[in-house]
Amino acid sequence: MGDAIAALAIVIPIFIAAMALRWVRIIRLNSEKQIQQNEEIITLLNESRKRGEPVNPQEDILIRPYQEDDFPAIHELNKQEQWNNLVTKEQDLKQAWTNSTLAVVAEIDGQLIGYLRGLTDGFISLYICELLVRQNYRKSGIGKKLLQFVHSQYPKTRMELLASSTSRSFYEAQGYRPFYGFRKTMGE
């Protein structure tokens with residue numbers, strides 16, 4: 001019995017480390033693939049603009065991985081939306097963005113117009129922490145595109161999220177079903 005426990009004590013950390021390395025590799029490969037696809041999209045959009053073709057937000061949107069210099073624009077969007085809990089915890093939120101397994105932004109012509117931050121185990125659960133689109137770009141399919149993009153990176157997962165009374169109809173229109181959950185902070 002003692003030998004089995006000792007063997008498990010050696011094997012389990014190795015297994016965990018191997019899974020973590022595999023997970024990091026998958027994220028890196030997906031990010032590299034997305035960067036390449038984004039570069040191709042940018043090239044096509046620039047060629048289209050040179051020909052004088054009309055700009056369509058649905059077609060001209062670029063979804064890319066979050067970069068640290070995106071944070072001021074994200075923070076400003078949170079202020080505009082009056083998400084005061086996030087606004088007052090600016091440094092904590094910045095760290096949350098850095099630590100999130102899912103962190104993407106939507107931009108048009110270099111302007112950040114939306115974002116999605118989430119967490120996933122890569123196989124079962126994909127939890128959306130925040131999804132926000134700039135007011136004047138809502139109802140143009142950008143939120144839907146952000147959700148589809150993230151879910152396509154982890155197609156085996158179920159996507160879970162919280163909705164406000166104002167966003168509930170958006171999620172229901174996308175085919176999400178309500179479920180019951182709970183929330184508590186450490187101070188409560």
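1. Two strands are taken as paired if DSSP finds at least two bridges between them. On that basis, this predicted model contains an open sheet of five strands in the order β1-β2-β3-β4-β5, and the pairing is mixed.

2. The edges of the sheet are formed by β1 (62–65) and β5 (158–161); each has a single partner strand, so one side of each is left without a neighbour in the sheet. On average, neighbouring strands of this sheet are turned by 30° against each other, direction ignored.

3. Helix α3 (residues 71–81) lies across β2, β3 (111–120) and β4 (125–133), and runs at about 95° to β3. Helix α5 (residues 90–99) packs on the sheet and touches β2, β3 and β4, its direction making about 70° with that of β3.

4. T157 belongs to the loop between α6 (142–153) and β5. Is this residue, T157, buried or exposed? T157 has a relative accessibility of 5% and therefore counts as buried, the cut-off being under 20%.

5. A polar atom of the T157 side chain lies 2.7 Å from the backbone oxygen of Y154. Leaving aside neighbours within four places in sequence, T157 is in contact with T120, D121, G122, F123, I124, S125, L126 and H151.

Notes: Residues numbered from 1 in each chain as written. Predicted model: local features only at pLDDT ≥ 70, side-chain atom pairs only at ≥ 80, totals over all residues. Heavy atoms only, no water. Helix = DSSP H or I, 4+ residues; strand = E, 2+ residues; numbered from the N terminus. Axes fitted to C-alpha atoms, helices over the stretch in contact; angles between N-to-C directions. Contact = heavy atoms within 4.5 Å. Buried < 20%, exposed > 50% of the residue type's maximum accessible area, 1.4 Å probe, protein only. Polar contact = N/O pair within 3.5 Å; in protein donor to acceptor, adjacent residues only side chain to side chain.
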